[in-house]
Amino acid sequence: MVALVFPAFPTVTLPVTGRPERFPVRRIFCVGRNYDEHTREMGGEPGTEPPFFFTKPADAVVESGSRIPYPTATANLHHEAELVIAIGKSGAMVTEADAPAMIWGHAAGNDLTRRDLQAEAKAARRPWDMAKGFDKSAVLGAIRPGPMPDASLRCTVNGALRQEARLSDMIWSPAAIIAALSQLVSLSPGDLIFTGTPAGVGPLKRGDTCKVEIDGLQSATVTIA
Ligand code: MN
């Protein structure tokens, strides 16, 4: 046993649908611009570049049903409804054909974004970390084990529909995303991958309840206190 100068931080975990055990979270990767209309609303041209990635720290995780404070340093907090892949096996340089075997399960997620800081970072050619990887920026429902058939993805704010798409509308499939990401880093059990959001991203204000729903998965719901 290694002596520590202060107690180690607890492992971040998420509930698992239908099982008492929880899923330990290692790292959180996120894909940018993975739906045509959202790519256009962000000022890009779909299909012109391979998938790119950014990250959030594991302790940015917020469990569905939580209330969180409006984040500091922003006046334009945005929701991004996304399918999240939970990785269950190690793998590097995997092919698209081998990628599905690395998937442990899936969850609904909300990639909360400080859109104003992201716009500033883009303009200044600076990193997105503080626009994307801030405290409590990764809202997640329970992880459901097994494969993910095509399904409808929706985001509502106080019951009003803001985003709606089919998972099959993604430019890069989950297998293609895993194959591409595994060229850049070795993936490990516990890693989560947010797969990108469709069009319709928009602001959240204090008092709003934002719900990300994917057929067959627990919703990822958060209230801004
Ligand atoms: Mn996103």
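**Reading a predicted fold**

Colleague: Start with helix α4 (residues 174-181). How many of its 8 residues are buried?

Modeller: Burial is read from relative accessible area: under 20% is buried, over 50% is exposed, and in between is partly exposed (1.4 Å probe, protein chains only). In α4, 6 of the 8 residues are buried, so the helix is largely enclosed by the rest of the structure. The buried ones are Ala175, Ala176, Ile177, Ile178, Ala179 and Leu181.

Colleague: What covers the buried residues of α4?

Modeller: Cover is read from contacts, meaning heavy atoms within 4.5 Å. The cover includes strands β3 (28-32), β4, β8, β9 and β15 (192-194). Helices (H or I, at least four residues) and strands (E, at least two) are DSSP runs, numbered from the N terminus.

Colleague: What should I know about the model itself?

Modeller: This is a predicted model: local features need pLDDT of at least 70, side-chain atom pairs count only at pLDDT 80 or more, and totals for chains, interfaces and linings use all residues. Residues are numbered from 1 along each chain as its sequence is written, and side-chain values use heavy atoms, with hydrogens and water left out.

Colleague: How many helices and strands does the secondary structure of the protein come to?

Modeller: There are 4 helices and 18 strands. The radius of gyration is 17 Å, close to the 17 Å from the globule rule for 225 residues, so the protein is as compact as a globular protein of that length. That radius is taken over C-alpha atoms, and the rule is 2.2 Å times the number of residues to the power 0.38. Along the principal axes, the C-alpha trace spans about 45 × 40 × 40 Å.

Colleague: What share of the 225 residues do buried residues make up?

Modeller: Buried residues make up 50% of them. Among contacts with a separation of 6 or more, 76% join residues 24 or more positions apart. The accessible surface comes to about 10,600 Å², and 56% of that belongs to carbon and sulfur atoms. These areas come from the Shrake-Rupley method with a 1.4 Å probe; for residues, only the protein chains shown count as cover.

Colleague: How do I read a pair of aromatic rings?

Modeller: A pair is described by the distance of the centres and the angle of the planes. Rings of Phe, Tyr and Trp (its six-membered ring) pair if their centres lie within 6.5 Å; planes under 30 degrees apart are stacked, over 60 edge-to-face, and the rest tilted. By this rule there are 4 aromatic pairs. Take Phe23 and Trp104: their centres are 5.5 Å apart and their planes stand at 50°, so the pair is tilted. Phe23 lies in strand β2 (residues 19-24) and Trp104 in strand β9 (residues 103-111), so the pair ties together parts 81 residues apart in sequence.

Colleague: How does Phe23 count by accessibility? And Trp104?

Modeller: Phe23 has 5% relative accessibility and counts as buried. Trp104 has 26% and counts as partly exposed.

Colleague: What kind of aromatic pair do Phe52 and Trp128 form?

Modeller: They are edge-to-face, with 5.7 Å from centre to centre and 85° between the planes. Phe52 is in strand β4 (residues 52-56), while Trp128 is in the loop between α2 (115-123) and α3 (129-132), 76 residues apart. Phe52 is partly exposed, with a relative accessible area of 24%. Ring pairs also link Phe52, Phe54 and Trp128 into a cluster.

Colleague: Which residue lies over the face of Phe134?

Modeller: A charge sits over a ring if NZ of Lys or CZ of Arg is within 6 Å of the ring centre and within 35 degrees of the ring normal. Here Lys56 lies over Phe134, at 5.9 Å from the ring centre.
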